[in-house]
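The sequence and structure come first.

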Amino acid sequence: MSIKPIETWYGGCRFRSRLEARYAVLFDHAGVRWEYEPQGFVINGRPYLPDFLLPDCGTWVEVKGSEEDLDQTLMRDAALELPDRNTTGEHQPRLLLLGPVPEPSDNGDWGWLGLAPEEVGPGETEVFGDWWGLGAFRATRRLARLTETSSATPDQYEEGAWLTPAHDATVRGVSDAYRAARSARFEHGESG
């Protein structure tokens, strides 16, 4: 039995799920500009509509409520084929994967799996993943790579762990944003 997401209004957008709306709340509180479903694509013959684009750093974002809902093959292919919107001049993930909103951490930031294509040889590109957080975004307009992680191919990550955030105690500043996202209520006309 699958649970149907509840469409939710927030920030002038109708989100397909409350989880997506909660991430819009989190982005707003963390100072992250976002666009909701700005453009759809055909990835290897399959239609794909990323949930968000973060225009300041050029990262596309996919939000899923569970690992079972995440098509890892499509995510790898999307990381290779989505348009490169990075204008920062610094390494940023092409696609960031967000799962259920975790409990706020007052002693650090949560990092999420971000996928990016990298050339590994002449005419050969592979997708690599790192863990990226939002803690420094307000100041830098970029996602911050967590310091205690290393690049790996998605195949090297544990099966079923793509939506499990990593913790980094060195970056602070977004616990209030996570708190706002977790406590956002959209019932009875509330605005999040």
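The notes below go through the chain by topic.

The model is predicted. Its chain has four helices and twelve strands, and buried residues account for 52% of its 192 residues. Of the contacts between residues at least 6 apart in sequence, 57% join residues at least 24 apart.

**Nonpolar cores**

- The largest nonpolar core holds 34 residues, and the members that touch the most others are Tyr 23, Phe 27, Trp 34 and Phe 52.
- Two or more residues of this core come from each of H1, S6, S7, strand S8 (95-98), strand S9 (109-121) and H4.
- H1 provides the largest share of the core, with eight residues.
- Apart from neighbours within four places in sequence, Tyr 23 contacts Phe 52, Val 63, Leu 98, Gly 99, Pro 100, Val 101, Pro 102 and Trp 112.

**Aromatic pairs**

- There are ten aromatic pairs in the structure.
- The ring centres of Tyr 10 and Phe 186 lie 6.2 Å apart with the planes at 75°, and because an angle over 60 degrees counts as edge-to-face, the pair is classed that way.
- This pair connects distant parts of the chain, with Tyr 10 in strand S1 (residues 8-10) and Phe 186 in the segment after helix H4 (175-183), 176 residues apart.
- Tyr 10 has a relative accessible area of 13%, which is under the 20% limit, so Tyr 10 counts as buried.
- Phe 186 is also buried, at 9% relative accessibility.
- Phe 27 and Phe 52 form another edge-to-face pair, with ring centres 5.2 Å apart and planes at 85°.
- Since Phe 27 lies in helix H1 (residues 18-30) and Phe 52 in strand S6 (residues 52-54), the pair ties together parts 25 residues apart in sequence.
- Phe 27 and Phe 52 are both buried.
- Ring pairs join Phe 27 and Phe 52 with Phe 15, Tyr 23, Trp 34, Tyr 36 and Trp 112 in a cluster.
- Within that cluster, Tyr 23, Phe 27, Trp 34 and Phe 52 are the residues already named for touching the most other members of the largest core.

**Largest pocket**

- The volume of the largest pocket is about 520 Å³.
- Its lining consists of 20 residues, and Pro 5, Ser 17, Lys 64, Gly 65 and Asp 69 lie nearest the centre.
- H1 and strand S7 (59-63) each supply at least two lining residues.
- H1 gives the most to this lining, with three residues.
- The lining of the largest pocket is made up of nine charged, eight nonpolar and three polar residues.

**Second largest pocket**

- The second largest pocket has a volume of about 160 Å³.
- Its lining includes Cys 57, Gly 58 and Thr 59, the run Asp 84, Arg 85 and Asn 86, and His 91, Gln 92, Pro 93 and Arg 94.
- Ala 116 and Pro 117 also line the second largest pocket.
- By class, five of the residues lining the second largest pocket are polar, four are nonpolar and three are charged.

Technical notes:
Residues are numbered from 1 along each chain as its sequence is written. This is a predicted model: local features need pLDDT of at least 70, side-chain atom pairs count only at pLDDT 80 or more; totals for chains, interfaces and linings use all residues. Side-chain values use heavy atoms; hydrogens and water are left out. Rings of Phe, Tyr and Trp (its six-membered ring) pair if their centres lie within 6.5 Å; planes under 30 degrees apart count as stacked, over 60 as edge-to-face and the rest as tilted. Buried means under 20% relative accessible area, exposed over 50%, partly exposed in between (1.4 Å probe, protein chains only). On a 1 Å grid over the protein atoms alone, a cavity is a set of points where a 1.4 Å probe fits but cannot get out, and a pocket is an open set with protein on both sides within 12 Å along at least five of seven lines; lining residues have an atom within 4 Å of a point. Grid points are joined across faces, edges and corners, and a volume is the space filled by probe spheres set on the points. Ala, Val, Leu, Ile, Met, Phe, Trp, Tyr, Cys and Pro count as nonpolar, Asp, Glu, Lys and Arg as charged, and the others, Gly among them, as polar. A nonpolar core is a set of buried Ala, Val, Leu, Ile, Met, Phe, Trp, Tyr and Cys residues joined through side-chain atoms within 4.5 Å. Contact means heavy atoms within 4.5 Å.
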